[in-house]
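Please keep the sequence and the structure in view while reading.

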Amino acid sequence: MILPGFIFIILFSYVPMAGIIIAFQRFIPAKKLFGDQQWVGFKNFKYVMDLPNFYNILWNTFFIASMKVILGLIVPIVIALLLNEMKHVLLKRGIQTAIYLPHFLSWVVLGGIFIDMLSPTDGLLNTFLNKLGMESIFFLGDNKWFPYTMIITDTWKEFGYGTIIYLAALTGVNPNLYEAAQLDGANRWKQTIHISLPGIQMVVALLMVLSLGNLLNAGFDQIFNMYSPMVYESGDILDTFVYRIGLLDAQFGVATAVGLFKSVIALVLVSSSYYFAYKFADYRIF
């Protein structure tokens, strides 16, 4: 049963890693990958580091991704705790379905919806703001608003998935603990703080460890479908930069160097977070 998945991972995750050598070559597609390419060492990395906008792109990536990770942990936990307190089963399941549905929608679809909703001229949100006597906001064309728009819309799309995970974890908490707490006079708030949250702390730790590997992954699909040259200053991230420099400008070696840089940083972050989770929370995956 494991063999098909194992073969899939080998073919599509490990075999393509041979292409990492492109980061150290002046890659020309017409030549063979091994043997015929010109080796340039770390020149591709130096070229990227010397670009005047690279560190701004790096900061954009880190800021957007880190805020998505933080809200992606906090919001699902809060919603899961609130849903866990609901006694009406049908209403609870209806809300779960409604908040989980956006997870299955492509950013190609949602991008078009948000572009219409956030339009500064006739968008639904700006029309509402105008009725309140406020000026229109160009959410997708203003460098001040664009990063926060990406963070909020991504959180809205994905928090339902995390909520389902935390709700499943909450079902594993021993109900006898709640009964004992009630006998001791603990209200619902104290039960949440002293029973519910400690009961799911291992799941929270696991998802936090896994999410830290995405601190340089700000979401290519979302930003590519919603950004424009007007917001490159605050919205251009490493993935969109790789797309332009690799596919549009055909600088394959430079693009691969940036991708390898991201992968190394992600490896360090995941390894560090797992180490600290084990050291301070005595948590281990294996």
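Which helices each supply at least two residues of the lining of the largest pocket?

## The largest pocket

In this predicted model, the helices that each supply at least two residues of the lining of the largest pocket are helix 3 (54-84), helix 7 (146-170), helix 10 (201-211) and helix 11 (220-226). The pocket itself has a volume of about 730 Å³, and among the 27 residues that line it, K68, G72, D154, E158 and N214 are the closest to its centre.

Helix 7 gives the most to this lining, with nine residues. When the lining of the largest pocket is divided by class, 13 residues are nonpolar, nine are polar and five are charged.

## The enclosed cavity

The model has one cavity of 30 Å³ or more, and the space in this largest cavity comes to about 30 Å³. Its lining is made up of F45, V48, M49, F54, A257, V258 and F261, with helix 2 (43-49) and helix 14 (252-281) as the elements that give two or more residues to it.

What is the class make-up of the lining of the largest cavity? Seven of its residues are nonpolar, while no polar and no charged residues take part; the lining of the largest pocket, for its part, includes nine polar and five charged residues.

## Nonpolar cores

The largest nonpolar core holds 20 residues, and those with the most contacts inside it are I64, F146 and I223. Two or more residues of this core come from each of helix 3, helix 5 (107-117), helix 7 and helix 11. Helix 3, helix 7 and helix 11 are also named among the elements that supply at least two residues each to the lining of the largest pocket.

Around I223, once its neighbours within four places in sequence are left aside, the residues in contact are I64, F146, M150, A218, G235, I237 and T240, and two of these, I64 and F146, are themselves listed with I223 for the most contacts inside the core.

## Helix 1

Helix 1 (residues 2-14) consists of 13 residues and reaches 17 Å from its first C-alpha to its last, which is close to the 18 Å expected at 1.5 Å a residue. Is this helix well covered or hardly covered? Helix 1 is hardly covered, since the count of buried residues among its 13 residues is zero.

Methods
Residues are numbered from 1 along each chain as its sequence is written. This is a predicted model: local features need pLDDT of at least 70, side-chain atom pairs count only at pLDDT 80 or more; totals for chains, interfaces and linings use all residues. Side-chain values use heavy atoms; hydrogens and water are left out. On a 1 Å grid over the protein atoms alone, a cavity is a set of points where a 1.4 Å probe fits but cannot get out, and a pocket is an open set with protein on both sides within 12 Å along at least five of seven lines; lining residues have an atom within 4 Å of a point. Grid points are joined across faces, edges and corners, and a volume is the space filled by probe spheres set on the points. Helices (H or I, at least four residues) and strands (E, at least two) are DSSP runs, numbered from the N terminus. Ala, Val, Leu, Ile, Met, Phe, Trp, Tyr, Cys and Pro count as nonpolar, Asp, Glu, Lys and Arg as charged, and the others, Gly among them, as polar. The expected span of a helix is 1.5 Å times one less than its number of residues. Buried means under 20% relative accessible area, exposed over 50%, partly exposed in between (1.4 Å probe, protein chains only). A nonpolar core is a set of buried Ala, Val, Leu, Ile, Met, Phe, Trp, Tyr and Cys residues joined through side-chain atoms within 4.5 Å. Contact means heavy atoms within 4.5 Å.
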